[in-house]
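Hi,

Here is the structure I promised to pass on.

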Amino acid sequence: TINAFQRITQPTLFVAGNKDYNVPAWHMALFRERIDRSNVQFKVLPGINHFLTPMDRPELAPKVAGSIIQWLVVQGFVEEP
C-alpha cells in the first residue's frame, strides 16, 4: 500500500482518529516514515473513531470536516467558505 502512495503525485491528506481501534493512529507514523513526499499531510484528531465520528455521537465531527476543508483551502482546491 505504501508503494502505491509513493507513486501518487497529487497533494494528499491522511486523517485518523486517536480513538480508532480498527486502524490505530500509530499506523500514521508508519506511513509518515515511509512516504517520501513533501505534499503529504497527516492529521490525527483527538476523540475521533474509525468512522470519523466522536465516540459518543454517530455524526461527522465538526473538527473532521473543518480539518479537511482547511486542507482543501490551503491546497487551493476550494475557496474559503
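Below are my notes on the fold, the core, the aromatic rings and the pocket.

First, some housekeeping. This is a predicted model, so local features need pLDDT of at least 70 and side-chain atom pairs count only at pLDDT 80 or more, while totals for chains, interfaces and linings use all residues. Residues are numbered from 1 along each chain as its sequence is written, and side-chain values use heavy atoms, with hydrogens and water left out.

On the overall fold: the protein has three helices and two strands, in the order α-β-α-β-α from the N terminus. Helices (H or I, at least four residues) and strands (E, at least two) are DSSP runs, numbered from the N terminus. The C-alpha trace spans about 35 × 30 × 15 Å along its principal axes. Of the 81 residues, 30% count as buried (under 20% relative accessible area; exposed is over 50% and partly exposed in between, with a 1.4 Å probe and protein chains only). Among contacts (heavy atoms within 4.5 Å) with a separation of 6 or more, 60% are between residues 24 or more positions apart.

Now the core. The largest nonpolar core is made of eight residues: Ile 2, Phe 14, Ala 16, Met 28, Phe 31, Ile 35, Val 40 and Phe 42. S1, H2 and strand S2 (40-45) are the elements that give two or more residues to this core. By nonpolar core I mean a set of buried Ala, Val, Leu, Ile, Met, Phe, Trp, Tyr and Cys residues joined through side-chain atoms within 4.5 Å. Val 40 is in contact with Thr 12, Phe 14 and Ile 35, leaving aside its neighbours within four places in sequence.

Phe 5 sits in helix H1 (residues 2-7) and Phe 31 in helix H2, so the pair ties together parts that are 26 residues apart in sequence. Their C-alpha atoms are separated by 9.2 Å. Phe 5 counts as partly exposed at 21% relative accessibility, whereas Phe 31 is buried at 19%.

Phe 31 also pairs with Phe 14, and here the rings are tilted, 5.3 Å centre to centre with 50° between the planes. That pair links strand S1 to helix H2, 17 residues apart. Phe 14 is buried, with a relative accessible area of 13%. Phe 5, Phe 14, Phe 31 and Phe 42 form one aromatic cluster.

How much space lies in the largest pocket? About 160 Å³. Of its 13 lining residues, the closest to the centre are Val 15, Ala 16, Asp 20, Val 23 and Met 28. On a 1 Å grid over the protein atoms alone, a cavity is a set of points where a 1.4 Å probe fits but cannot get out, and a pocket is an open set with protein on both sides within 12 Å along at least five of seven lines; lining residues have an atom within 4 Å of a point. Grid points are joined across faces, edges and corners, and the volume is the space filled by probe spheres set on the points. Strand S1 (12-17) gives the most to the lining, with four residues.

Cheers

Methods
Rings of Phe, Tyr and Trp (its six-membered ring) pair if their centres lie within 6.5 Å; planes under 30 degrees apart count as stacked, over 60 as edge-to-face and the rest as tilted.
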